[in-house]
Amino acid sequence: MPAAAAAASGTAVASYTDYIPDSVKSFVSDLYRSIRGGDVVGTDKLYEGDFRRLSARVYRDKPWPPAKAVASYCDDDHVFLLLYSELTSRHAHARLPGLTLTHGADSWDTYCSLFTVVLQNVLTMQLPNQWLWDMVDGFVSQFQRFCEYRTKLEDKTEEEISLLKRFDQAWSVYGVFNYLKALVENSMIREILEREEGLEQFTMMNGYEHKQGGSNVLKMLGYYSMIGLLRVHCLIGDYHTGLRCLLPIDIGQQGVYTTVTGSYISTIYYYGFANFMMRRYADVIHQFNKILLYILKYKQYDEKSPQYDFLLKKNEQMYALLAICLSLCPQNNLIAEDVSTELKGKYGTEMEKMLRGDGQAHYDELFSLACPKFIAAWPPVLKEPFTNYNQDVYRLQLKLFLDEVKQQLFLGDIRSFLKVFSVITIGRLAQHMRLDENALRSV
């Protein structure tokens, strides 16, 4: 950096520090000491409590100070400043409107630098699981939003198009996959879970390292990255590969993924949606019944959590998916009475029509409500005429689903006839259904 630019930068940082409240300076110092001292409980209180309170009171409508401005309160520690940058950048992207493409590219650089440090160094710190989950969740969420932004080209200004060309490598799908896969592989988390019985204490210790000087950071980032990979694959419509990424986690029982609310709900939602698109409706009903019961029981305790809006949204999406599943594959014996009551209150009328075979519009409506925000992961073609293609993947997934619904409608008719006849030939059944025999056999 030229001397004049360096001086200007130093002046800017110095002027910024004049406006940093003492409470924020104390928070940075306390968080640094807590992490360096291995105090996970203290770090969790600062992360879950103080950071949220300061964000709401001091930085509700503006970003936190840049890392350079708080460097003097943490001994200019490189790793801590990366953690601080990730934390404050995630806050800005989640809470502040009007962030520019440059902010998105800067956030990508922050994640790349932080994950590189985690992958290439032996860390001796422990971080709360909530923070590590939020880190992976924020990484995928920002990737999703960036993809959505760059696929809406029609109204982009010349400056925005120029920035897209400049930051063409930021948030590439290959880069995102590479980091998530590297975290899974370097953490050896698949091997750890395979050796779980009697040899490892991963689940019993909730992922934390009980040895002196140990670290849970790489292990837990690898663990949560398997869930992140499932989500990314669902967003691009590759459900089989997504479910393969989740295989090391046994979602049939309690595990580390259930101890953080956001992790638990995300895992079951994307697992359920992937199975839903692969026509495994009974499995979806079984898993959604469990998580919806959990939400009914504990929703009141999460009202003050920043994850509360997310919980409510996923709750509505899963009820919509459950309504579709029970209409296509009636298995009411698999759901609890409380869940059934909630479901009837939300979608009872729609389900009656879908079960009768005259609710095509409701299938479309409920799928649109329940599906994730699909992304077109390929890079944009930055040549005129500019077009929007952000809905392309959604339209394809909707078409695939509605094609399946049309096939399922025949099954309902077949069910009705088979309840009437104890014995019937294929030819006779084809006549009743006004189909030729070959078409009926295909159905």
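Colleague: How many salt bridges does the structure hold?

Modeller: This is a predicted model, where local features need pLDDT of at least 70, side-chain atom pairs count only at pLDDT 80 or more, and totals for chains, interfaces and linings use all residues. Residues are numbered from 1 along each chain as its sequence is written, and side-chain values use heavy atoms, leaving out hydrogens and water. A salt bridge requires a side-chain nitrogen of Lys or Arg within 4 Å of a carboxyl oxygen of Asp or Glu. The number of salt bridges in the structure is 14.

Colleague: In which helix do R53 and D50 both lie?

Modeller: R53 forms a salt bridge with D50, with 2.7 Å between the closest N and O atoms. The two are three residues apart, about one turn of the helix.

Colleague: What area is buried between domain 1 and domain 2?

Modeller: An automatic or database assignment sets the domain bounds, giving domain 1 (20-96), domain 2 (100-278) and domain 3 (279-409). Contact (heavy atoms within 4.5 Å) involves 19 residues from domain 1 and 20 residues from domain 2. Buried area is the accessible area (1.4 Å probe) that two parts lose on being put together, summed over both. Carbon and sulfur atoms give 73% of the area buried here, which is about 1,800 Å².

Colleague: Which element gives the most to the side of domain 1 that touches domain 2?

Modeller: L83, E86 and H93 lose the most area in domain 1 to domain 2, together 30% of what that side buries. The elements giving two or more residues to this side are α2 (22-36), α3 (40-57) and α5 (78-95). With 11 residues, the element that gives the most is α5.

Colleague: Over which residues does pLDDT stay under 50?

Modeller: pLDDT is the predictor's confidence in each residue, from 0 to 100. Its mean over the chain is 89, and 94% of the residues reach 70 or more. Where pLDDT is low, the predicted coordinates should not be read in detail. The stretch under 50 is residues 1-14.

Methods: Helices (H or I, at least four residues) and strands (E, at least two) are DSSP runs, numbered from the N terminus.
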